Amino acid sequence: TVIARVKAKPGKEAELEQALRAAVGATHEEPGCLRYALHRSLDDPATFVLVERWVSKAALDQHLESPHLKALRGKFKDLLDGRDVSLYELLPEGRPEKLL
């Protein structure tokens with residue numbers, strides 16, 4: 001599981017959102033992608049969070065090398081005021097259908 005938080009530079013919120021949205025469709029087509037969901041903060045519209053689930057670390061590594069993600073990262077210098085990406089391991093507990 002990946003939790004990625006990015007914050008747009010002032011005045012770049014719409015441009016960052018557009019760039020993030022553009023990566024979603026291609027990412028959903030990747031064979032190892034279980035979930036890739038983009039969220040915007042209700043408290044700070046300049047902040048976006050991606051919640052990702054991958055079948056394996058190898059699938060995530062392939063995603064990181066995909067052309068669409070490289071293109072997205074290429075825009076970050078101009079658009080981002082901050083970024084935090086963390087990887088997590090799922091600890092399955094409770095109802096399986098609620099875990100993904």
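Trainee: Which residues have the most contacts inside the largest nonpolar core?

Mentor: Ground rules: this is a predicted model, where local features need pLDDT of at least 70 and side-chain atom pairs count only at pLDDT 80 or more, while totals for chains, interfaces and linings use all residues. Residues are numbered from 1 along each chain as its sequence is written, and side-chain values use heavy atoms, with hydrogens and water left out. A nonpolar core is a set of buried Ala, Val, Leu, Ile, Met, Phe, Trp, Tyr and Cys residues joined through side-chain atoms within 4.5 Å, with buried meaning under 20% relative accessible area, exposed over 50% and partly exposed in between (1.4 Å probe, protein chains only). The largest one has 22 residues, and those with the most contacts inside it are Val 6, Leu 16, Leu 20, Tyr 36, Trp 54 and Leu 72.

Trainee: And which element gives the largest share of this core?

Mentor: Helices (H or I, at least four residues) and strands (E, at least two) are DSSP runs, numbered from the N terminus. Two or more core residues come from each of strand E1 (2-8), H1, strand E2 (33-40), strand E3 (47-54), helix H2 (57-64) and H3. The largest share is five residues, and the element giving them is H1.

Trainee: Which residue is the bridge partner of Arg 35 in E3?

Mentor: E2 and E3 form a hairpin with six residues between them. Within that pairing, Cys 33 stands opposite Trp 54 in E3. For Arg 35, the bridge partner is Arg 53.

Trainee: Which residue in E4 does Val 6 stand opposite?

Mentor: Start from contacts, meaning heavy atoms within 4.5 Å. Not counting residues up to four places away in sequence, Val 6 touches Leu 16, Leu 20, Ala 46, Thr 47, Phe 48, Leu 80, Gly 82 and Arg 83. The one standing opposite Val 6 in E4 is Arg 83.

Trainee: Are H1 and H3 roughly parallel or antiparallel to each other?

Mentor: Two packed helices are described by the angle between their axes and the distance between the axes. Axes are lines fitted to C-alpha atoms, for helices over the stretch in contact, and angles run from 0 to 180 degrees between N-to-C directions; under 35 degrees counts as roughly parallel, over 145 as roughly antiparallel, 65 to 115 as roughly perpendicular and the rest as oblique. The axes of helix H1 (residues 13-28) and helix H3 (residues 67-79) come within 10 Å and cross at roughly 170 degrees. The two helices are therefore roughly antiparallel.

Trainee: How many nonpolar residues does the contact of H1 with H3 have?

Mentor: H1 brings Glu 15, Leu 16, Ala 19, Leu 20, Ala 23, Ala 26 and Thr 27, and H3 brings His 68, Leu 72, Lys 75, Phe 76 and Leu 79. For the classes, Ala, Val, Leu, Ile, Met, Phe, Trp, Tyr, Cys and Pro count as nonpolar, Asp, Glu, Lys and Arg as charged, and the others, Gly among them, as polar. By class there are two polar and two charged residues, and the nonpolar ones number eight.

Trainee: How far apart in space are Ala 19 and Leu 79, C-alpha to C-alpha?

Mentor: Ala 19 is buried, with a relative accessible area of 8%. Leaving aside neighbours within four places in sequence, Ala 19 is in contact with Leu 72, Lys 75 and Leu 79. Ala 19 and Leu 79 are 60 residues apart in sequence, and their separation in space is 9.4 Å.

Trainee: Last one: is His 63 buried or exposed?

Mentor: His 63 sits in helix H2. Setting aside neighbours within four places in sequence, His 63 is in contact with Thr 27, Glu 30, Tyr 36, Glu 52, Trp 54, His 68 and Leu 69. With a relative accessible area of 2%, His 63 is buried.

Notes
Two strands pair if DSSP finds at least two bridges between them.
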